[in-house]
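Student: Hi! Could you walk me through this one while I look at it?
Tutor: Happy to. Let's open it up and start with a term we will need.

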Amino acid sequence: MKACDLKKGAVVSIDGTTYVAKDIQVKSPSSRSGNTLYKAMFRDVVTKQKFEHTYKGEDMIQEVDFARRPIQMLFKESDSATFMDLESYEQYTLDSEALDSELPYLIDGLQGLFVLIADDAVLGIELPASVEMEIVECAPSIKGASATSRSKPATLPTGLIVNVPEYLAQGERIKINTATGEFISRA
């Protein structure tokens with residue numbers, strides 16, 4: 001696969017080590033002849049260590065075959081989260097360190113989760129494109145505030161803080177983009 005096709009959650013092999021892509025930043029050139037660069041943050045499947053590398057769009061990356069299975073979150077503890085395979089009812093426990101970028105979006109009853117498995121090893125989980133959460137704390141709503149006006153910070157049940165329009169109030173349900181962590185709309 002080309003570096004320009006690399007997506008978050010992709011499983012790749014670099015120098016014989018299997019990594020999961022956790023974050024990709026695209027840097028466009030400022031000159032006409034410059035190449036677009038793709039700065040990728042990976043996590044080693046075995047050691048959980050982070051690995052960063054920058055690629056040009058045409059660089060080739062070796063993809064690893066893996067299975068995507070639907071799961072449901074059963075419960076979250078202080079240092080881990082346990083999931084259940086919806087087809088085989090097998091349980092997977094992942095530590096908080098392996099879920100660092102997914103933890104702010106994991107709430108009870110979340111649908112659309114997938115576990116990534118290669119060679120009988122759990123590589124990580126894949127979140128749905130968006131999640132719905134209730135605002136637990138924010139400044140009071142301002143009457144007459146329009147949808148295009150300023151924003152204010154709102155705290156969600158997982159501790160995630162998202163900027164929302166001023167017209168929203170505590171107790172309202174909102175949709176959040178799991179890739180960017182930004183407010184999408186009311187739920």
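Tutor: A residue is called buried under 20% relative accessible area, exposed over 50%, and partly exposed in between. Also keep in mind that this is a predicted model.

Student: Where does glutamate 58 fall, buried or exposed?
Tutor: Glutamate 58 is exposed, because its relative accessible area is 58%.

Student: Which residue does glutamate 58 form a salt bridge with?
Tutor: With lysine 2; the closest N and O atoms are 3.1 Å apart. That pair links distant parts of the chain, 56 residues apart: lysine 2 is in the segment before β1, while glutamate 58 sits in the loop between β4 and β5. Lysine 2 itself is partly exposed, at 33%.

Student: How many salt bridges are there?
Tutor: The count comes to 9 salt bridges. Among them is the one between lysine 39 and glutamate 52, at 3.5 Å from N to O. Lysine 39 lies in strand β3 and glutamate 52 in strand β4, so this pair ties together parts 13 residues apart in sequence.

Student: What about glutamate 172 and arginine 186?
Tutor: Their side chains meet in a salt bridge too, with 2.8 Å from N to O. Glutamate 172 is in the loop between β14 and β15 and arginine 186 is in strand β16, so parts 14 residues apart in sequence are tied together. Glutamate 172 is partly exposed at 21%, and arginine 186 is partly exposed at 44%.

Student: Which residues are linked in a network of salt bridges?
Tutor: Arg69, Asp85 and Glu87.

Student: Switching topic: how many helices and strands are in the chain?
Tutor: There are 0 helices and 16 strands. Buried residues make up 36% of the 187 residues.

Student: And how many aromatic pairs are there?
Tutor: The whole structure has 4. One of them joins tyrosine 19 and phenylalanine 42, a tilted pair with 6.0 Å between centres and 50° between planes. Tyrosine 19 lies in strand β2 and phenylalanine 42 in strand β3, so the pair ties together parts 23 residues apart in sequence.

Student: Buried or exposed, for phenylalanine 42?
Tutor: Buried, because its relative accessibility is 0%. Tyrosine 19 is buried as well, at 11%. Tyr19 and Phe42 form one aromatic cluster with Phe51 and Tyr55.

Student: Last one: which residues form the negative surface patch?
Tutor: Glu77, Asp79, Asp95 and Glu97 form it. Glutamate 97 lies in the loop between β8 and β9, and it counts as exposed because its relative accessibility is 54%.

Key:
Residues are numbered from 1 along each chain as its sequence is written. This is a predicted model: local features need pLDDT of at least 70, side-chain atom pairs count only at pLDDT 80 or more; totals for chains, interfaces and linings use all residues. Side-chain values use heavy atoms; hydrogens and water are left out. Patches are made of residues with over 30% relative accessible area and no salt bridge: like charges are joined within 9 Å, nonpolar side chains (Val, Leu, Ile, Met, Phe, Trp, Tyr) within 5 Å. Accessible areas come from the Shrake-Rupley method with a 1.4 Å probe; for residues, only the protein chains shown count as cover. A salt bridge is a side-chain nitrogen of Lys or Arg within 4 Å of a carboxyl oxygen of Asp or Glu. Lys and Arg count as positive and Asp and Glu as negative; His and the chain ends are not counted. The place of a charge is taken as NZ of Lys, CZ of Arg, CG of Asp or CD of Glu. Helices (H or I, at least four residues) and strands (E, at least two) are DSSP runs, numbered from the N terminus. Buried means under 20% relative accessible area, exposed over 50%, partly exposed in between (1.4 Å probe, protein chains only). Rings of Phe, Tyr and Trp (its six-membered ring) pair if their centres lie within 6.5 Å; planes under 30 degrees apart count as stacked, over 60 as edge-to-face and the rest as tilted.
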